[in-house]
Amino acid sequence: MDAPTLQPKFLPSRNELGLVAVGFCGGQGKSGVDAAPMALIESGLVEQLREELEFNVHYDGEVHQYADIMPKEDPVYRGMKNSRAVSAVTQRLSEQVYEHARQGRFVLTLGGDHSIAIGTISGTAKAIRERTGREMAVIWVDAHADINTPETSDSGNIHGMPVAFLTGLAKEDKEDCFGWIKDDQRVSVKKLVYIGLRDIDRGEKKILREHGIKAFSMHDIDRYGIGKVMDMALGWIGSDTPIHLSFDIDSLDPMWAPSTGTPVRGGLTLREGDFIAECVHETGSLVALDLVEVNPSLESHGASETVRAGISIVRCGLGDTLL
């Protein structure tokens, strides 16, 4: 297996990688997603990154549970469940990711539920602004838009709200409830692109329309094909913009990734998911990647299959190729 040779545009070195493993499930109601990082690591991901893709992996050897910062009380606030816990975890994670990104490393984060993106994206956005003076774009690959505000959410689960907090559509002054997110840690709705949407709440549809957010649903992928969709998505972002790719495994059809908390039929094939990651890598603009919502406990026959799918996505995003 040949190591990738593409030189990144916004990173000083091709092979320096910071890995953060986040065993956190508090952004939603199902346990088990906290076990995903260890499942991915035990399946050989770190060894593959080091030995086959030849990355210098900076990893502290820990799946972070953040038990030391969990609040003793966490009442529902503005309809949000576990808001203080999610805020504390994502703030700490933002600092961890920022430290890697500040040093010019590519940052790979293994979740955990998708609420952790509040931490990962805020951390890379701040570091990229400091190092390059540029605003970062986000490609959000997901069956769900995750752009509910606390007021539009039916469930109160924060894994359905991270994009709202990251773009400033949802704000909060309380420091222990996302008040720590500053302007230099946010991303613009104009630099946000969705791919793979197929289960969108009514309030989210209104938000997407009102703000002119670029979103490609499964209908668009059916109509144009994944190749054309990626051309349009990357064309929207432009070639001079660093990219953070946040990949929810439930963007894949349950045929390929059954072990996830909110599966929705009619999703991407594994090959389409890999192709998205490959295309973003080929731009040379990718600076960070999240892989979230793998839940090894939910489907006894599909857990290993879902873990393998996750590893495949990561490898493709980091430059693995078929030929």
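This is a predicted model: local features need pLDDT of at least 70, side-chain atom pairs count only at pLDDT 80 or more; totals for chains, interfaces and linings use all residues.
I take helices (H or I, at least four residues) and strands (E, at least two) as DSSP runs, numbered from the N terminus.

**Ground rules**

Residues are numbered from 1 along each chain as its sequence is written, and side-chain values use heavy atoms, with hydrogens and water left out.

**Entry: empty space**

I looked for gaps in the model. Rolling a probe the size of a water molecule over the atoms shows where empty space is left. I work on a 1 Å grid over the protein atoms alone. A cavity is a set of points where a 1.4 Å probe fits but cannot get out. A pocket is an open set with protein on both sides within 12 Å along at least five of seven lines. Lining residues have an atom within 4 Å of a point. Grid points are joined across faces, edges and corners, and a volume is the space filled by probe spheres set on the points.

How many cavities of 30 Å³ or more does the structure hold? I find two.

I started with the second largest cavity, at about 30 Å³. Its lining consists of Leu 11, Ala 101, Arg 105, Val 107, Thr 124, Ile 128, Arg 131, Val 287 and Ala 288. Two elements, α4 and β9 (286-292), each give two or more residues to this lining. Which element gives the largest share of the lining of the second largest cavity? I noted α4, with three residues.

I then sorted the lining by type. Ala, Val, Leu, Ile, Met, Phe, Trp, Tyr, Cys and Pro count as nonpolar, Asp, Glu, Lys and Arg as charged, and the others, Gly among them, as polar. For the second largest cavity I get six nonpolar, one polar and two charged residues.

Next came the largest cavity, with a volume of about 170 Å³. It is lined by 16 residues, and Pro 8, Arg 14, Phe 106, His 281 and Leu 286 are the closest to its centre. This lining divides into eight nonpolar, six polar and two charged residues.

**Entry: the largest pocket**

I moved on to the open space. The largest pocket has a volume of about 280 Å³. Its lining has 18 residues, and the closest to the centre are His 144, Asp 146, His 159, Gly 160 and Asp 201.

Asp 146 sits in the loop between β5 (137-141) and α5 (162-167). Is Asp 146 buried or exposed? I call it buried, because its relative accessible area is 6% (buried means under 20%, exposed over 50%, partly exposed in between, with a 1.4 Å probe and protein chains only).

Glu 54 also has a positive phi, about 60°, and is not a glycine. I place Glu 54 in the loop between α2 (45-52) and β2 (56-58). At 46% relative accessibility, I log Glu 54 as partly exposed.

I also checked peptide bonds. The bond from Gly 111 to Gly 112 is cis, with omega near 20°. Gly 112 belongs to the loop between β4 (106-110) and α4 (117-132).

**Entry: helix packing**

Axes are lines fitted to C-alpha atoms, for helices over the stretch in contact, and angles run from 0 to 180 degrees between N-to-C directions.

I took α2 and α10 as another pair. They pack at about 25°, with axes 11 Å apart. I file α2 and α10 as roughly parallel too.

**Entry: sequence against space**

Val 292 is found in strand β9. It is buried, at 0% relative accessible area. Val 292 and Ile 116 are 176 residues apart in sequence, yet 8.4 Å apart in space, C-alpha to C-alpha.

Asp 184 and Pro 162 are 22 residues apart in sequence and 16 Å apart in space, C-alpha to C-alpha. Asp 184 lies in the loop between α5 and β6 (192-197). With a relative accessible area of 33%, Asp 184 is partly exposed.

Key. Angles under 35 degrees count as roughly parallel, over 145 as roughly antiparallel, 65 to 115 as roughly perpendicular and the rest as oblique.
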